[in-house]
Amino acid sequence: MNHVPHAQEVSLPVVPSSRRPALRPLVAIATLSALLVAACGGAAASPSASDLPSPAVEPVPLTVGLGYIPSVQFAQFYLAQQAGYYADAGLDVTLENKIDPDLITLLGQGAVDIGSGDGTSVIPAVSQGIPVVYTATLYGTFPAIVVADATSGIRTAADLKGKTIGIPGQYGTSWIQLQALLQSAGLTTDDVKIQLFPDYGQTAALQQGAVDAATGFANNEPIVLKRAGVDPVVLGIDDSIALPGPGLVTGTATLASKRDALAAFTAATLRAMEEISADPQKGLDATFASVPDLATDPALQREILDATIATWKNPRTGGSLGSIDRAGWQESLDFMSGLGLVPNAITVDQLVDESLLP
């Protein structure tokens, strides 16, 4: 998911001879020892296996898929890579940007090892036979929202009745969130007017008064509107349905073949999240080092990062980063089944796997 307008087996390679530790010093020592023993009238003992240097172990390569646009919302990945947490864990991590639907497919194929994917994308994907599984929560609070101008009089989901709502399309996380929000007030999409903005111009339309409300994300649209002089009213759904936010997703075959590497990656990423939660400047610095263009407006990026950090913990799971709310997943599965988005029956056990969590 992007919060800006947008939806193998492990084998340790044989170390080339040019990279193996040189044995010449050891030979020299052994020769010197033989001479000394011979001088004393004894025979030289051969060096044991424990005396020989161990061959170097190559790091395990991992390809990690993030959202389509490089963003400060991925600060934990940038920090973990730059601070050496991945390298220290024996990993060679490559970060790539992919759109969410493509990423879910690539994860299922094993073309990408692990990535940040929407929980609401995992459910229909698994139902359709795509072999992926959700292994750690990144957004404990569901980030998709509906936002309105305070001058509209909209304060609750019930106030949306009869209003015009801008949305990129009738698909994806925002569409699911909108239906959940309306349902919480006893409404359906038939009770509102839907206006599509395939170019993601719904926020601009809201500023111009062309729509009464618009879909968006908690760490983007409210910030944009405030900067434009609009007092935003934010409507979320966590109090009604605990939809699963974006988290770490991997393919089931990759999980089986690279379990230790994925567990090490997860621990390093969560460590970076903890550090950024305590000191957001670390996240900013890492982001600017990875995406220098974002440093042109550090105040804006700090606002986005602060709003992102606020969504990381899930009060339903005791606030621990990464933890998976199984009860929430069941609620979401039931809700999305009711929307016709789960064509084949599945269980929560097929959707989530906590075995990679520290």
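Which residues lie nearest the centre of the second largest pocket? In this predicted model, they are G140, D238, L243, N314 and D325, and the lining of that pocket numbers 15 residues.

**The pocket**

The second largest pocket has a volume of about 170 Å³. By residue class, its lining divides into seven nonpolar, five polar and three charged residues.

One of the residues nearest the centre, N314, sits in the loop between α12 (298-309) and α13. N314 has a relative accessible area of 9%; because buried means under 20%, N314 counts as buried. D325 is also among the residues nearest the centre. N314 and D325 are 11 residues apart in sequence, and their C-alpha atoms are 8.1 Å apart in space.

**Helices α5 and α13**

Helix α13 covers residues 326-338, and helix α5 covers residues 119-127. The axes of the two helices come within 11 Å and cross at roughly 60 degrees. At that angle α5 and α13 are therefore oblique to each other. The crossing of α5 past α13 is right-handed.

How many residues of α5 are buried? Nine of the nine are, so α5 is largely enclosed by the rest of the structure. The buried residues include G119 at one end of the list and S127 at the other, with T120, S121, V122, I123, P124, A125 and V126 also buried. After α5 comes G129, with a positive phi near 95 degrees.

Helix α13 also contains D334. D334 has a relative accessibility of 48% and counts as partly exposed. D334 and T347 are 13 residues apart in sequence, with a C-alpha to C-alpha separation of 10.0 Å in space.

**A positive phi at Y200**

Y200 is found in the loop that runs between β7 (193-196) and α7 (202-207). Phi of Y200 is near 60 degrees, a positive value in a residue other than glycine. Most residues other than glycine have a negative phi. Is Y200 buried or partly exposed? Its relative accessibility is 22%, so Y200 counts as partly exposed.

| Residue | Relative accessibility | Class |
|---|---|---|
| N314 | 9% | buried |
| Y200 | 22% | partly exposed |
| D334 | 48% | partly exposed |

The cut-offs place N314 in the buried class because its value is under 20%, while partly exposed residues fall between that limit and 50%.

Definitions and conventions. Residues numbered from 1 in each chain as written. Predicted model: local features only at pLDDT ≥ 70, side-chain atom pairs only at ≥ 80, totals over all residues. Heavy atoms only, no water. 1 Å grid on protein atoms, 1.4 Å probe; cavity = no way out; pocket = protein on both sides within 12 Å on 5 of 7 lines; lining within 4 Å. Points joined across faces, edges and corners; volume = space filled by probe spheres on them. Nonpolar A, V, L, I, M, F, W, Y, C, P; charged D, E, K, R; others polar. Helix = DSSP H or I, 4+ residues; strand = E, 2+ residues; numbered from the N terminus. Buried < 20%, exposed > 50% of the residue type's maximum accessible area, 1.4 Å probe, protein only. Axes fitted to C-alpha atoms, helices over the stretch in contact; angles between N-to-C directions. Parallel < 35°, antiparallel > 145°, perpendicular 65-115°, else oblique. Left-handed = near helix turned anticlockwise from the far one by under 90°.
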